[in-house]
Amino acid sequence: MYKICDLHIHSKFSGGASKNIDIFKIAYNCNIKGIQLVGTGDCIHPLWLNELKCNLIETSSGIFYTPKVPDVNFILQTEVEAIWKNNSKIRKVHFIILFPNFEKVEESIELLSQFGNLAKEGRPKIYNSPEKLIFSLKSIDMDIEIIPAHIFTPYFGLFGDMSHFNTMEDALGTGINYINSIETGLSADPLMIRGISEFNKVSIISNSDSHSTNFHRLGREATMFDLNKLNYLNLIDSIRKNKIIKTYEFKPSQGKYYYDGHRAERHIDKKDYFCSPKLNIDICPFCRKKLTKGVLARVQELSDQKNPFKLNFQYIIPLLHLISIVLGGSEYDRANISIYQKLISQNGSEYAIWEGKSNFNGIPEDLKEAICKIRKGKFWFIPGHDAVYGKLQFED
Ligand SMILES: [Zn+2]
Ligand SMILES: [Zn+2]
């Protein structure tokens with residue numbers, strides 16, 4: 001049975017997260033999105049852990065739910081920031097961690113507390129190398145799964161421009177033997193990742209990394225697994241053996257750092273400049289300063305194979321975001337949210353629409369057309385660059 005999963009979110013205790021996130025809201029909104037299994041986020045934070053214990057009931061081994069929304073399941077999940085010194089430079093890299101049960105979460109809390117203050121924030125800083133982090137978690141339980149998060153984001157991705165590792169082994173040492181999967185993040189897609197032969201050995205998953213329960217954040221990226229029986233070990237087995245049906249992805253060109261470039265406000269005439277890294281331009285022709293490098297440049301540096309062996313993903317953009325682009329206004333406007341809810345009530349969930357459900361009674365014609373174009377992949381972005389998001393364009 002196919003399940004759409006979002007294995008990386010955050011609680012209200014993470015920096016920059018909405019303060020009114022609770023278990024019920026996560027479950028309720030996941031149900032509307034069509035997410036059937038969601039990470040708890042921040043499960044090694046003591047206050048959030050307490051909320052999880054009070055509100056979640058185990059339905060099968062390692063899988064939980066809240067009786068108010070029985071169709072959405074939870075898995076114990078956190079993200080940590082490993083901080084360590086490597087070649088006399090401070091490195092900071094994010095990892096998703098999945099746990100088989102509450103006991104292993106508590107044992108991990110005891111162990112990781114030696115390396116950082118877990119109560120300080122939902123995504124704690126762990127002052128230890130990833131290699132030691134991986135080995136200490138594996139010494140607690142081999143079924144704890146550690147996954148490098150959003151691997152190409154400039155600051156905290158394992159392969160991001162600031163980390164600047166060229167191989168997984170450089171960053172993880174022998175810990176690499178326990179890495180079975182990587183997360184694409186919003187800034188990269190499987191097409192980019194599969195151009196790098198080192199990743200042939202690992203599966204690719206995609207998650208929202210959401211810091212709120214808003215419909216345009218929660219489940220904005222996701223992974224579809226084939227799980228005939230939903231339990232923790234079956235899910236981990238699918239990740240480890242790459243039994244992944246597909247991922248749902250943002251187009252990387254929508255991201256804020258895709259092309260090399262300078263944003264308009266850097267220039268007297270307020271004009272943007274951006275270019276493909278293929279052109280090999282380092283210096284801005286407008287202001288003569290160094291261009292801000294994008295993710296694509298980093299991917300091209302590492303890319304070493306032409307024909308990726310396995311590609312299974314679908315580009316989407318959050319439906320509420322699409323509604324606000326087509327009809328005007330923002331994702332917070334009542335009128336847009338009510339159109340969104342109308343689409344959900346007619347089709348069951350947002351992912352049901354991306355999977356082809358097309359009950360569009362009373363929906364504006366241009367929005368119907370836009371949804372169909374997104375499903376067919378007939379869209380592109382004026383590339384994002386230097387902290388400016390890409391701009392959506394439709395093909396005829
Ligand atoms: Zn992160
Ligand atoms: Zn410039």
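Reader: What covers the buried residues of helix H10?

Author: In this predicted model, the cover includes helix H9 (319-327) and helix H11 (350-354).

Reader: Which residues of H10 are the buried ones?

Author: They are Asn336, Ile339, Tyr340, Leu343 and Asn347. These residues cover an arc of only 100° around the axis, so they sit on the same side of H10.

Reader: How do you know that the span of H10 agrees with its number of residues?

Author: Helix H10 runs over residues 334-347, which is 14 residues, and at 1.5 Å a residue they should span 20 Å. The C-alpha atoms at its ends are 20 Å apart, so the two values agree.

Reader: What follows H10?

Author: Gly348 does, and its phi is positive, near 100°.

Reader: Let's turn to Gly34. What makes Gly34 count as buried?

Author: The cut-off for a buried residue is 20 or more other C-beta atoms within 10 Å. Gly34 has 22 within that distance, so Gly34 is buried. You can find Gly34 in the loop between helix H1 (23-33) and strand E2 (37-39).

Reader: Which residues does Gly34 touch, leaving out those up to four places away in sequence?

Author: Gly34 touches Ile4, Ser349, Glu350, Tyr351 and Ala352. Take Ala352: Gly34 and Ala352 are 318 residues apart in sequence, yet their C-alpha atoms are 6.9 Å apart in space.

Reader: What share of contacts in the protein chain join residues at least 24 apart?

Author: Among contacts between residues at least 6 apart in sequence, the share is 66%.

Reader: Which domains does the assignment give?

Author: It gives domain 1 (2-252) and domain 2 (316-394). Their C-alpha centres lie 27 Å apart. The contact takes 11 residues from domain 1 and 14 residues from domain 2. On the side of domain 1 that touches domain 2, there are five nonpolar, three polar and three charged residues.

Reader: How do you know whether the radius of gyration agrees or disagrees with that of a compact globule?

Author: With 396 residues, a compact globule would have a radius of gyration near 21 Å. The protein chain has 21 Å, so the value agrees. Of its 396 residues, 48% count as buried.

Conventions
Residues are numbered from 1 along each chain as its sequence is written. Chains are lettered from A and ligands numbered from 1 in the order in which they are written. This is a predicted model: local features need pLDDT of at least 70, side-chain atom pairs count only at pLDDT 80 or more; totals for chains, interfaces and linings use all residues. Helices (H or I, at least four residues) and strands (E, at least two) are DSSP runs, numbered from the N terminus. The expected span of a helix is 1.5 Å times one less than its number of residues. A residue is buried if 20 or more other C-beta atoms lie within 10 Å of its own, exposed if 12 or fewer, and partly exposed in between; C-beta atoms are placed from the backbone. The arc is that of the directions from the helix axis to the C-beta atoms. Two residues are in contact if their C-beta atoms, placed from the backbone, lie within 7 Å. Domain bounds come from an automatic or database domain assignment. Ala, Val, Leu, Ile, Met, Phe, Trp, Tyr, Cys and Pro count as nonpolar, Asp, Glu, Lys and Arg as charged, and the others, Gly among them, as polar. The radius of gyration is taken over C-alpha atoms; the globule rule is 2.2 Å times the number of residues to the power 0.38.
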